[in-house]
Structures are given as C-alpha cells and as structure tokens.
Amino acid sequence: MSTLPQQVKIVEVGPRDGLQNEKESVSAAVKIELVDRLSRAGFANIEAASFVSPKWVPQMATSTEVMAGITRRAGAIYSALTPNMQGFDAALAARADEVVIFGSASEAFSQKNINCSIAESIARFESVAKAAKEHGLRLRGSISCAFGCPYQGEVSLDAVADVVGRMRELGCDEIDIADTIGVSTARKTQAVMLRAAQEFHLDRISGHFHDTYGQALANIYASLEVGVSIFHSSVSGLGGCPYAKGATGNVATEDVLYLMQGLGIETGIDLDMVVDAGQFISQHLGRKGSSRAGNAIAAKRAG
Ligand SMILES: CC(C)(COP(=O)([O-])OP(=O)([O-])OC[C@H]1O[C@@H](n2cnc3c(N)ncnc32)[C@H](O)[C@@H]1OP(=O)([O-])[O-])[C@@H](O)C(=O)NCCC(=O)NCCSC(=O)C[C@@](C)(O)CC(=O)[O-]
C-alpha cells in the first residue's frame, strides 16, 4: 500500500469558483458572511474574489466590496483571479494575498474562457507575474482542462506538461491541475499528476476536481497515492464554470474533509463549521446543498 501524506492543504474555492456561475446575483454581504464563516472554520487559503470582466462573469463584479468587507484571519491567504494587469491592479488595491493567473491546456477552451490562445495568455501573464513578485504577492497558476476539454475532447499529457513548464517559468508558487469538466478517472489522474510533477515540485501541485461524473473523490484519493497534498474544494459542492457548459460544481469540501478525517490526514479545518457554512449558503440560494457528507451530518444533527 502506498504511503499517503500525513497532512494536506485544502483551498476553499466556493466563494469564487462556486458562486461565479450562479445566475441570480448574490449580494456582497452574503459572500462576506460566507468567507467569514469559512475563515472561522480554519481554512488557511480561501479563493474569495475574481477580478475579471464583469461582462464575462457578472457574479464576480462585487469582488472589491467582498475583499474590503471580509474579516481576515491572521496568516490566512485570500486569493483572487487576475487574467491581466487590469485584474492585477484591482486585486492589489483590494489587498489580495495571492493572485491567480488562469490558463488552459486546451487551445479551444483558452479561446472560450479568456479570449486568446495559450501562447497569448502566457505572454499576458508575464506582466502579472512580474508585478506580483514586485509587490510580494504569492502567484498561483491554474491550468484548466488538464484532463479533457468540452470543446476539443482529448488533451495530451504533453500539452499539460507544456503549460506547467510555462507557469513554472513565470515563477508560480503553486500550480493547479484542473479537471474543469470532471471527466477524469483515477488512473488517468495519476498519469497527469505524475507528468506534471516532471515539470514542477510535486508538493506545490494542487488537484482541482469538479465532480460532474462523480469521480472527484476517487481522483483525490488517486492523487494522494502519488503524493499530491493540496486540493481545491467548494463548500456545499457549489459551482461550475460559465465557459464549460454542463460542468457541475467542484468537489464538495465537506466530502473531502470527511474523507481526510477517515484517512487520519490532518487538514486543520473544523468539518462541523464547514457544514454550517454550507447550510448557510444553500439556504440563501434556496436549494439543498450537494455535499453528501454535509447533508448526512446535517440530517443526523436534526435527529
Ligand atoms: C480575460 C478577459 C478580460 C479578456 O476579454 P477581452 O474582451 O478579450 O478583453 P479586453 O482587454 O479587450 O477588454 C474588453 C473589456 O473588458 C474589460 N476588462 C478587461 N479586463 C478586465 C478585468 N480584469 N477586470 C474588469 N474588466 C476588464 C475592459 O476594460 C474592456 O471593457 P470595455 O472597454 O468594453 O467596457 C475576459 O475574457 C474575461 O474576463 N474572462 C474571464 C473568464 C472567467 O472568469 N472564467 C471563469 C474563471 S476560470 C475558471 O473558473 C476555471 C478554474 C480556474 O476554476 C479552473 C478550472 O476548473 O478549470
């Protein structure tokens, strides 16, 4: 049996990846309350904002207000997506601790999501990366469609490795390997992670899994087996990408925490408080949350 990491970092992406796809506008006050609840639950890293064009993703238009209103937990990292210098300047002004440049391993998705080719996106990210270093901000690179693309289908291991290498050259502190449309399965996940690890430090690679085909937890376990120790998840399983039709939410944080608890892997996060945060946002959105563990724990509490 392979040795699993003793502790992992869970990056909570619900306030950004989770909410960005909601059709009805969610007020800044609700987003702030959500981030604050997650901060109190113990997350060391929360993706709280996205400084993208409001014409492209209207739900994220309140990002400045959200960043100004949250109560920051000492030492925690609050991240924001920044596709270009306009986004970077806004993130800097909003006191983001980490900026996220987001590219793709698929040419077709790159065009749909950020309106440029992969090569153009890397050129655009250069100035963002340089500015992040100058201002002492952490820099994260996110690579969409590393396991498959809704527009072009297959994405090769070499295509993923190429973008990982480019993100490394830009000076990323962490690189996310994202299954945007949740199509991967366990062995494929391991192959992609191991290929990415030929280009970048394994302990700074994160797995970002959507649960569209119900494989996210299996993919996380498979990633643990090959030594990945950073995972993204979304409270209550919120989410989807506006430019990946049919993609469902990220893997639910409650489910990931329940898995880690069972495996005896330390996360530093209070599962009960995350369940409460999940109930809070689900009630606000007027629907039942999609975390299996979250719903089971809430039902057990209710007797
Ligand atoms: C990248 C652009 C801006 C290019 O969009 P563009 O139209 O090519 O950009 P442009 O430079 O020509 O600017 C057009 C307009 O957008 C404005 N603009 C330009 N930049 C900004 C900015 N930063 N903030 C606010 N406004 C901005 C700019 O000011 C201008 O406004 P106008 O003059 O027309 O009024 C656009 O394509 C965009 O915003 N895309 C964002 C798409 C997005 O947010 N997708 C979801 C996040 S990625 C994701 O979810 C995947 C991930 C990370 O979770 C991992 C995974 O699961 O795969």
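**A helix and its surroundings**

A: The buried residues of α9 pack against β6 (174-179), α8 (186-196), β7 (205-209), β8 (230-233) and α10 (253-263), where a contact requires the C-beta atoms of two residues, placed from the backbone, to lie within 7 Å, and where helices (H or I, at least four residues) and strands (E, at least two) are DSSP runs numbered from the N terminus. The model is a predicted one, in which local features need pLDDT of at least 70 and side-chain atom pairs count only at pLDDT 80 or more, while totals for chains, interfaces and linings use all residues. Residues are numbered from 1 along each chain as its sequence is written.

The residues of α9 that are buried are A216, N219, I220, A222, S223 and L224; buried means 20 or more other C-beta atoms within 10 Å of the residue's own, exposed means 12 or fewer, and partly exposed lies in between, with C-beta atoms placed from the backbone. A218, which also belongs to α9 (residues 216-225), counts as partly exposed because it has 15 C-beta neighbours inside 10 Å. Although 31 residues separate A218 from R187 in sequence, their C-alpha atoms are 9.7 Å apart in space. Just after α9, G227 takes a positive phi of about 100°.

Positive phi values also occur in residues other than glycine. R95, in the loop between α4 and β4 (98-104), has a phi near 60°, and this residue is partly exposed because 13 other C-beta atoms lie within 10 Å.

Another helix pair is formed by α11 (residues 271-285) and α12 (residues 292-302), whose axes come within 10 Å and cross at roughly 95°; the axes are lines fitted to C-alpha atoms over the stretch in contact, and angles run from 0 to 180 degrees between N-to-C directions. The two helices α11 and α12 are therefore roughly perpendicular to each other, the label for angles of 65 to 115 degrees, whereas under 35 is roughly parallel, over 145 roughly antiparallel and the rest oblique. In this contact, V275, G278 and Q279 of α11 meet G294, I297 and A298 of α12, and the residues divide into three nonpolar, three polar and no charged.

The protein as a whole has 12 helices and eight strands. Its radius of gyration is 18 Å, close to the 19 Å that the globule rule gives for 303 residues, so the protein is as compact as a globular protein of that length; the radius is taken over C-alpha atoms, and the rule is 2.2 Å times the number of residues to the power 0.38. Buried residues make up 53% of the 303 residues, and among contacts with a separation of 6 or more, 74% join residues 24 or more positions apart.

Methods. Ala, Val, Leu, Ile, Met, Phe, Trp, Tyr, Cys and Pro count as nonpolar, Asp, Glu, Lys and Arg as charged, and the others, Gly among them, as polar.
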